Amino acid sequence: MTGTFDLGWWGVALAIVAGAIRVSTPYLLVSLGETLTEKSGRVNLGLEGTLVLGAMSAFATCYLMGSPWLGMLAAGVAGAALGLLHAAICNLPRVNDIAVGIALFIFGIGLAFFLGKPFIEPRAAMLPSLPLGNWSDNPAIRSAFAISPVFFIGIALAVSLEWGLKNTRWGLVLRMAGESADATRAIGLSVDRIRTLATMAGGSLAGFGGGFLSLYYPGNWNEGLSSGQGLMAIALVIFARWSPLRCFYASLLFGGASAIGPAVQTVGITEGYYLFYAAPYVLTLGLLIYSSSRTRTLAGAPSELSISR
Amino acid sequence: MEDKPASGTVAAAGEPLAPYDNRTWLSGAAFPIDGLESLLLLLIAVGAAALLFGIFLAFYGHDPLAVYRTLYLGAFGTRFSLETTLTQAAPLLLTALCTLIPARVGLLVIGAEGAVVLGGIGAVLAGVALGSAPAVLGTVLTIAAGALAGGLWIGAAGALKHFRGVNETISTLLLNYIAIALLNHLVSGPIRDFSQTLKAQSWSIPQAFMIGNIPGWSVHSGLVIGLVVCLALHLLLRHTTIGFGMDVLGGNRRAAQMIGLPIGRLILLACFLGGAAAGLAGAIEIVAVHGAASESLVVGLGYTGILVAFLARQNALVVILVALLLGGISASGGLLQRRFDTPHAATTVLEGLIFLCVLASSAFAGRLLSRPRAS
């Protein structure tokens, strides 16, 4: 707390809220991407690799070209490319999407660390934030409510995806590919093509999530940048039961849970600090145990999905 | 997965049956492929990956042939590099089994990373508690405690799968993160050795419990344990009724139910054994290398193990060969870095490419040497 006023326990609450908003953005983007992919009937377990490669591409592009928004574009393109790779291999017969995801996870991280090595030291321009806390003269509140526009883009995406999946032709086709490949083929659509496009879109969203990490918060590029947000987002999609809007709530919850540790540390509580890191994972596992059943699949799960069978 | 048989939902033996696809792609039982074709496919896939990696290197201005020569030198070229390779391969032999054994009953477990950590914690706790025990007994019990901890950890995921239908891939993924958080918590306070100020690490096990090197080599004898376990599991999986039962279950769950196999017990056993193997890897890291638990347990041994299991097509004997190959790749990383000034991640890129190519190659299994069968 660098505030002129000591906010005490209110400071902790504020730090959790601010942390939830900052930390949830990459969760939100990656989980929206994974929702799209899974709705089409495939799982991309490699989004962690996509996220890290996106972070590297964004940072490197921004450093070389000077524009953080160009960096975000590069992150999206890199993510779509990895998505295309995943889809292309999964389109082959008898290849399992989960295993390809694990391979892509290793490949993406390797590629990002290889190409990103020269960019570990330098600083690059950051994404701007909207000063929504200017009504207050308390610097702690001001910094807590300086929110990245990417967060609002994420909300807009969540709302429009929720609507679009239900009400547009594209959404319908996507969900049909995820519910029954045979029915999709029967009306003359290519299941592989739908899934390829969905995986590419999912990959580019995960790339944006990575761009947010390297260009906004924490806002640098190094090999320890991601703490598994890409993998977590997959669990988060299950937590949100494949609904984009619930992905948003779940991201906030996960973001808040991840912010508890650092926040309570500011008031001198260090006991069990690391256990707080496990909070989102324990939460997800608990929910999975609660909502799973031996005899039926999870509510809302696309029936073509290999993890819901 | 378009050509998979419809998932079964019929309860045959009075037992409710979760919607479940027959994961024959995983256990390799779907298409009877002979060993020769398997080997050919693996060679083609690794060759393709090497070619792609060569193009990648050439693009970055390195001579691919020189890099591969260095890779060979760094992995197998000298006695020293061979020893490094063997040391790197030792834990991979065991972490691969954590994916391999559950795969034989049709489960995709990716929790070796967490089981290694649990094995390390279990070994340290047992080793410290047994402080005054005779050396050999102490070593054996310390290692056994690690294996038990890892086995229970992944066994829990198996139980969740069997009794609650919780997807084992997702649960083991989550358990990895929970295990790492648990380790960080324990070494930051409850079992921290506060005399070590350089890094957070746990209490150390008694020096007498540490295992030494293989006589005449500077490779720790954990390698021997890994080899013995791989051989024993090969025998168990291929030459016993338990192994046969697992194969039936992995190949066709409904058939397993029809002939009255104890499905729950087989699933729990496979997960327990897999976790115990990874836990053993963690315990050996403690008794042979570190002597105490710390972040050094979390170096991706589990994730590389998944790669080893898939490259070996879930065959415990082939694991030995593949672990040597991947151990060699990571052993030569340092030399590669010094000789060509490539980033350390170059070997990770190569590993990722190999994994992708091997997966893609499985699309051609059963079609390479034999004429396509009418289906």
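Reply: Among the contacts in chain A between residues at least 6 apart in sequence, 77% join residues at least 24 apart. This is a predicted model, with an ipTM of 0.89 and a pTM of 0.87. Chain A is built from 13 helices and 2 strands. Its radius of gyration is 20 Å, close to the 19 Å that the globule rule gives for 309 residues, so chain A is as compact as a globular protein of that length. Along the principal axes, the C-alpha atoms of chain A fill a box of roughly 65 × 45 × 35 Å. Of the 309 residues in chain A, 55% are buried.

Gly255(A) and Ile21(A) are 234 residues apart in sequence, yet their C-alpha atoms are 6.9 Å apart in space. Leaving out residues up to four places away in sequence, Gly255(A) touches Gly19(A), Ala20(A), Ile21(A), Val23(A), Ser24(A) and Tyr27(A). Is Gly255(A) buried or exposed? Gly255(A) has 24 other C-beta atoms within 10 Å, and the cut-off for a buried residue is 20 or more, so Gly255(A) is buried.

Tyr27(A) leads on to another residue, Leu236(A). With neighbours within four places in sequence set aside, Leu236(A) is in contact with Tyr27(A), Ser31(A), Cys247(A), Ala250(A), Ser251(A) and Phe254(A). Leu236(A) also belongs to the largest nonpolar core, which has 229 residues. The members of this core that touch the most other members are Leu236(A), Val287(B), Val308(B), Val319(B) and Ala323(B). Helix α11 of chain B, residues 263–290, gives the largest share of the core, 18 residues. In soluble globular proteins, nonpolar side chains tend to be buried together.

Two loops of chain A hold backbone details worth checking in the viewer. In the loop between α9 (191–215) and α10 (229–239) of chain A sits Pro218(A). The peptide bond joining Tyr217(A) and Pro218(A) is cis, with omega about 5°. In the loop between α3 (68–90) and α4 (97–116) of chain A lies Arg94(A). Arg94(A) is not a glycine, but its phi is positive, about 60°. With 17 other C-beta atoms within 10 Å, Arg94(A) is partly exposed.

Arg313(B) has 22 other C-beta atoms within 10 Å and is buried.

The account now moves to the contact between the chains. 48 residues of chain B are in contact with 44 residues of chain A. On the side of chain B that touches chain A, two or more residues come from each of α1 (24–27), α6 (135–164), α7 (168–188), α12 (301–311) and α15 (346–361) of chain B. The largest share, 11 residues, is given by α7(B). By type, this side of chain B divides into 32 nonpolar, 11 polar and 5 charged residues.

Chain B as a whole has 15 helices and 2 strands. Buried residues make up 54% of its 375 residues. Of the contacts in chain B between residues at least 6 apart in sequence, 76% join residues at least 24 apart. Helix α3 of chain B, residues 64–77, has buried residues that include Val67(B), Thr70(B), Leu71(B), Gly74(B) and Ala75(B). These five cover an arc of only 120° around the axis, which puts them on the same side of α3(B). An α-helix has 3.6 residues a turn, so residues three or four places apart point the same way. On the other side of α3(B), Leu65(B) and Ala66(B) are exposed.

The average pLDDT of chain B is 85, and 89% of the residues score at least 70. Over residues 1–22 of chain B the pLDDT is below 50, and this stretch has 38 contacts in the model beyond near neighbours in sequence. Residues 29–33 of chain B also have a pLDDT below 50, with 11 such contacts. Where pLDDT is low, the predicted coordinates should not be read in detail.

Methods: Residues numbered from 1 in each chain as written. Chains lettered and ligands numbered in written order. Predicted model: local features only at pLDDT ≥ 70, side-chain atom pairs only at ≥ 80, totals over all residues. Contact = placed C-beta atoms within 7 Å. Helix = DSSP H or I, 4+ residues; strand = E, 2+ residues; numbered from the N terminus. Nonpolar A, V, L, I, M, F, W, Y, C, P; charged D, E, K, R; others polar. Buried ≥ 20, exposed ≤ 12 C-beta atoms within 10 Å, placed from the backbone. Arc of directions from axis to C-beta. Rg over C-alpha atoms; globule rule 2.2 N^0.38 Å. pLDDT = per-residue confidence, 0-100. Core = buried A, V, L, I, M, F, W, Y, C linked by C-beta atoms within 7 Å.
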